[in-house]
Amino acid sequence: MCATLSSVLVTAFLFALSPSSTTAYDPFQQDSNQPFNINSTNRFHPAQSLSFAQVLFDGFDLKYADTADLDGYIGQDIVGLGRYYARTKFGCITKCDSADFNGVDGILGLGMPDAALASIPEPLFFAITDNTGDPVSQRILKDRKFTMLVTKDAGELQLGGYDHRSIKPGHKMHFMKTTSTAEYSVPITSIKFGGQELLNFATVINPRVPGRAAPLRVGYAFSGTVRRSCYAMSNTQVPLSTVLLLLRYLRLHC
């Protein structure tokens, strides 16, 4: 089993819509059953940028597992992230039908090029670390590393590595090799929740090695929208109370 970051983080997308109403948006009163509210986003206005250019005859239509749909066109401009910037392509969203994107200004491209759209081949993070572009329109991050710190109420993106002060005293950062060139994925051998092991699966005979038993780990990672990335597991042997607690956690946080 592998854990993966959602592939929707691959390419940069920005909302570029015209206001359709004047209704004020209150993020603390969000109802997922309500339609997408364009007034909840800080939109990008291409006409206000002297360096923006639309890529003619090229667009995108993204559909997610929960039926969320994003449509739009491809643009090119000088895009900045922190102190760094580069000229790159990105998606301009002109249609959205999911309330999950209320309060969201866009999708930050932190993924790998192998999983990017053909029309937007270089994710933003790779664009600001690519020193082959025009030096006049770029300020490049030399070390292609980033760290994401997330809590329930806040988040922080660190570029070029990680801030050692972010690590709790007595702990250290552990590095692992990814199992894919298209996504950030690592092999998982153990997942615990409330002190209970969730990967205590049944034992089966390994067909490749006659007479040798191997643990059966059946599961997959899936992503419904940019905000939801969860794990689905089967054949697990854990107390029902633990499963119910896990389901409640996933319902609240995924």
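Predicted model: local features only at pLDDT ≥ 70, side-chain atom pairs only at ≥ 80, totals over all residues.
Me: Is Gly111 buried or exposed, and what makes it so?
Reply: Buried means under 20% relative accessible area, exposed means over 50%, and partly exposed is in between (1.4 Å probe, protein chains only). Gly111 has 7%, so it's buried. Its C-alpha atom is 7.5 Å from that of Phe125, 14 residues apart along the chain.

Me: And how much of the chain is buried?
Reply: Of the 254 residues, 34% count as buried.

Me: Let's go to the sheet with S6 in it. Why is S6 called an edge strand?
Reply: Five strands form an open sheet in the order S3-S4-S5-S2-S6, with mixed pairing. S6 (106-107) and S3 (53-63) each pair on one side only, and that makes them the edge strands.

Me: How do you know that S2 and S6 pair?
Reply: Two strands pair if DSSP finds at least two bridges between them. S2 (residues 13-15) and S6 have two bridges, in the antiparallel sense. Phe13, for instance, has Ile107 in S6 as its bridge partner. In general, strands of a sheet pair through backbone hydrogen bonds, either parallel or antiparallel.

Me: What about S7 and S8: how many bridges do they have?
Reply: Five bridges join S7 (residues 146-150) and S8 (residues 155-159), again antiparallel. Across from Phe146 you'll find Leu159 in S8, and Thr147 faces Gln158 in S8. A hairpin of four residues takes the chain from S7 to S8.

Me: What makes two rings an aromatic pair?
Reply: Rings of Phe, Tyr and Trp (its six-membered ring) pair if their centres lie within 6.5 Å; planes under 30 degrees apart are stacked, over 60 edge-to-face, and the rest tilted. That rule gives seven aromatic pairs here.

Me: Why is the Phe52 and Phe90 pair called tilted?
Reply: Their centres are 6.2 Å apart and their planes are at 50°. The pair links distant parts of the chain, with Phe52 in the loop between S2 and S3 and Phe90 in strand S5 (residues 84-96), 38 residues apart. Both Phe52 and Phe90 are buried.

Me: And what type of pair do Phe146 and Tyr184 make?
Reply: Their centres are 5.9 Å apart with planes at 75°, so this pair is edge-to-face. It also links distant parts of the chain: Phe146 in strand S7 and Tyr184 in the loop between S8 and S9, 38 residues apart. Ring pairs also link Phe125, Phe126, Phe146 and Tyr184 into a cluster.

Me: Is Tyr184 buried, exposed or partly exposed?
Reply: Tyr184 has 27% relative accessibility, so it counts as partly exposed.

Me: What about Ser185, buried or exposed?
Reply: Ser185 has a relative accessible area of 1%, so it's buried. Ser185 lies in strand S9 (residues 185-187).

Me: How do you know that Ser185 and Thr179 make a polar contact?
Reply: A polar contact is a pair of N or O atoms within 3.5 Å; within protein, one must be able to donate a hydrogen and the other to accept it, and residues adjacent in sequence count only if both atoms are side-chain atoms. The side chains of Ser185 and Thr179 are joined by one of 2.6 Å.

How values were computed:
Residues numbered from 1 in each chain as written. Heavy atoms only, no water.
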